[in-house]
Amino acid sequence: MAKETIFSKIINGDVPADIVYQDDLVTAFRDINPKAPSHILIVTHLLLPSVNDATAEHELALGRLFTVAAKIAQQEGIDQNGYRLIVNCNYHGGQEVSHFHMHLLGGRPLGPMVI
Ligand code: AMP
């Protein structure tokens, strides 16, 4: 299990955020430093630091990230034009916050993925 993170504090309501969706398994809020007109972080309530820590027992909770991404994309009106989902892992993946989360980016053409 991971330590408490800034994202746990947002989930618990101890740190403010622009929350767009919340249920029993995930909380979604707008990224504080948006890279696209819609840039939303969908964060699991599991205290998992990264994809490396995911196991079969987490499949239901982590699957929720995708179904909620689809719901929010519709809410944001970006589902038909399309969007990008990104999960960064550790240093080479560019992960800054060690709390498993998915980025939902859209609202403009994002171009080819730059590596
Ligand atoms: P990652 O690099 O995948 O770990 O993404 C972390 C993201 O969290 C970055 O895009 C940050 O801009 C975003 N972020 C960090 N702190 C906050 C916060 N308090 N509220 C909203 N977004 C945040």
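UniProt positions are given here in the numbering used for this chain, and such annotations may be inferred rather than shown by experiment. I note also that the model is predicted.

**Entry 1: the annotated domain**

I looked up the UniProt record, an unreviewed entry, and found "domain: HIT" covering residues 6–115. Over residues 6–115 I get 26% helix and 24% strand. The end C-alpha atoms of that stretch are 27 Å apart.

**Entry 2: the nonpolar cores**

I listed the members of the largest nonpolar core and got 19 residues. Those touching the most other members are Tyr21, Val26, Ala28, Ile40, Ile42, Leu65 and Ile72. I then asked which elements supply at least two residues each to this core: they are strand 1 (19–22), strand 2 (26–30), strand 3 (38–44), helix 2 (59–76) and strand 5 (101–106). Helix 2 gives the most, with seven residues.

Another core lies apart from the largest one; it has seven residues, among them Phe7, Ile10, Ile11 and Phe29.

**Entry 3: tyrosine 21 and the strand 1 side**

Tyrosine 21 is in strand 1. Is tyrosine 21 buried or exposed? I count tyrosine 21 as buried because its relative accessibility is 18%, and the cut-off for buried is under 20%. Not counting residues up to four places away in sequence, tyrosine 21 touches Val26, Thr27, Ala28, Val68, Lys71 and Ile72. Its side chain also makes a polar contact of 2.8 Å with the side chain of aspartate 23.

I checked two C-alpha separations on this side. Tyrosine 21 and alanine 69 are 48 residues apart along the chain, with C-alpha atoms separated by 9.9 Å. Glutamine 75 and valine 20 are 55 residues apart along the chain, with C-alpha atoms separated by 9.1 Å. Glutamine 75 belongs to helix 2 and is partly exposed, at 48% relative accessible area.

**Entry 4: around the ligand**

I found 16 residues around the ligand, and Asp31, Glu96, Val97, His101 and His103 come nearest. I then went through polar atom pairs. A backbone N or O atom of glutamate 96 is 2.7 Å from a ligand oxygen atom. For valine 97, a polar backbone atom lies 2.8 Å from an oxygen atom of the ligand. Histidine 103 uses its side chain instead of its backbone: a polar side-chain atom lies 2.8 Å from an oxygen atom of the ligand. How much of the ligand does the protein bury? Taken alone the ligand exposes 500 Å², and the protein buries 87% of that.

I place histidine 101 in strand 5, and with a relative accessible area of 6% histidine 101 is buried. The side chain of histidine 101 reaches the backbone oxygen of histidine 99 at 2.5 Å. Leaving out residues up to four places away in sequence, histidine 101 touches Phe7, Leu41, Ile42, Val43, Ile86, Val87 and Gln95.

Histidine 103 is also in strand 5. Its relative accessible area is 12%, so histidine 103 is buried.

Histidine 39 is in strand 3 and counts as buried, at 5% relative accessibility. Beyond four places in sequence, histidine 39 is in contact with Phe29, Arg30, Asp31, Asn33, Pro34, His103, Leu104 and Leu105.

**Entry 5: a backbone check**

I noted asparagine 90 for its backbone: phi is positive, about 60 degrees, although the residue is not a glycine. Asparagine 90 is in helix 3 (residues 90–93). At 39% relative accessibility, I count asparagine 90 as partly exposed.

Conventions. Residues numbered from 1 in each chain as written. Predicted model: local features only at pLDDT ≥ 70, side-chain atom pairs only at ≥ 80, totals over all residues. Heavy atoms only, no water. Core = buried A, V, L, I, M, F, W, Y, C linked by side-chain atoms within 4.5 Å. Buried < 20%, exposed > 50% of the residue type's maximum accessible area, 1.4 Å probe, protein only. Helix = DSSP H or I, 4+ residues; strand = E, 2+ residues; numbered from the N terminus. Near = heavy atom within 4 Å. Polar contact = N/O pair within 3.5 Å; in protein donor to acceptor, adjacent residues only side chain to side chain. Areas by Shrake-Rupley, 256 points an atom, 1.4 Å probe, with all protein chains shown as cover. Contact = heavy atoms within 4.5 Å.
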